[in-house]
Amino acid sequence: MLVNAKEAVMEELFNQYIDQLNMSCLCSRCKEDVLALALNAVKPKYVTDKSKLAYIKAELVDKQKNTSMLVTLAEAARRVNENPHCEQHKKGRG
Ligand SMILES: [Zn+2]
């Protein structure tokens, strides 16, 4: 089974720091948009074994890479805030 370890780590970071990202909308669409943007901006790290995921997570989260992934995440959140694609915002703006 092919798993992108970055996806798991990014998702975890996102949930951890969501309060600090000042998201104007927290619907599932906006959250997915942020994750998609952030993940497109980083190199994927694929593993074939889910059991390696915890190890890679620990490695990524411990080191400075964590910070750069967080910066990427914050940038993605900013872009989605400025230009949300969800229905909620479309309605709000008429
Ligand atoms: Zn939304």
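Let's start with D33: at 14% relative accessibility, D33 counts as buried, because the cut-off for buried is under 20%. Keep in mind, everyone, that this is a predicted model.

Who is the partner of D33? R29 forms a salt bridge with D33, and the closest N and O atoms are 3.4 Å apart. Both residues sit in helix α2, which covers residues 28–41, and they are 4 residues apart, about one turn of the helix. R29, at 39% relative accessibility, counts as partly exposed.

As a reminder, side chains of opposite charge can pair when their charged atoms come close. The count of salt bridges comes to 3, so let's move on to helix α4, residues 65–82. Here E75 pairs with R78, with the closest N and O atoms 2.9 Å apart; these two are 3 residues apart, about one turn of the helix. R78 also meets E82 in a salt bridge, again 2.9 Å from N to O.

Now, the metal. Which residues hold the zinc ion? Its protein donors are the SG atoms of C25, C27, C30 and C86, lying 2.2 to 2.3 Å from the ion. Along the sequence, their spacing reads C-x1-C-x2-C-x55-C. Why is the arrangement tetrahedral? Because the 4 donor atoms subtend angles of 100 to 119 degrees around the zinc ion. Among these cysteines, C27 and C30 are buried.

Conventions:
Residues are numbered from 1 along each chain as its sequence is written. This is a predicted model: local features need pLDDT of at least 70, side-chain atom pairs count only at pLDDT 80 or more; totals for chains, interfaces and linings use all residues. Side-chain values use heavy atoms; hydrogens and water are left out. Donors are N, O and S atoms within 2.8 Å of the metal (3.2 Å for Na, K and Ca); water is not among the atoms, so sites may look incomplete. Four donors count as tetrahedral if all angles lie between 85 and 135 degrees; four count as square planar and six as octahedral if opposite donors are over 155 degrees apart and all others between 65 and 115; anything else is irregular. Buried means under 20% relative accessible area, exposed over 50%, partly exposed in between (1.4 Å probe, protein chains only). A salt bridge is a side-chain nitrogen of Lys or Arg within 4 Å of a carboxyl oxygen of Asp or Glu.
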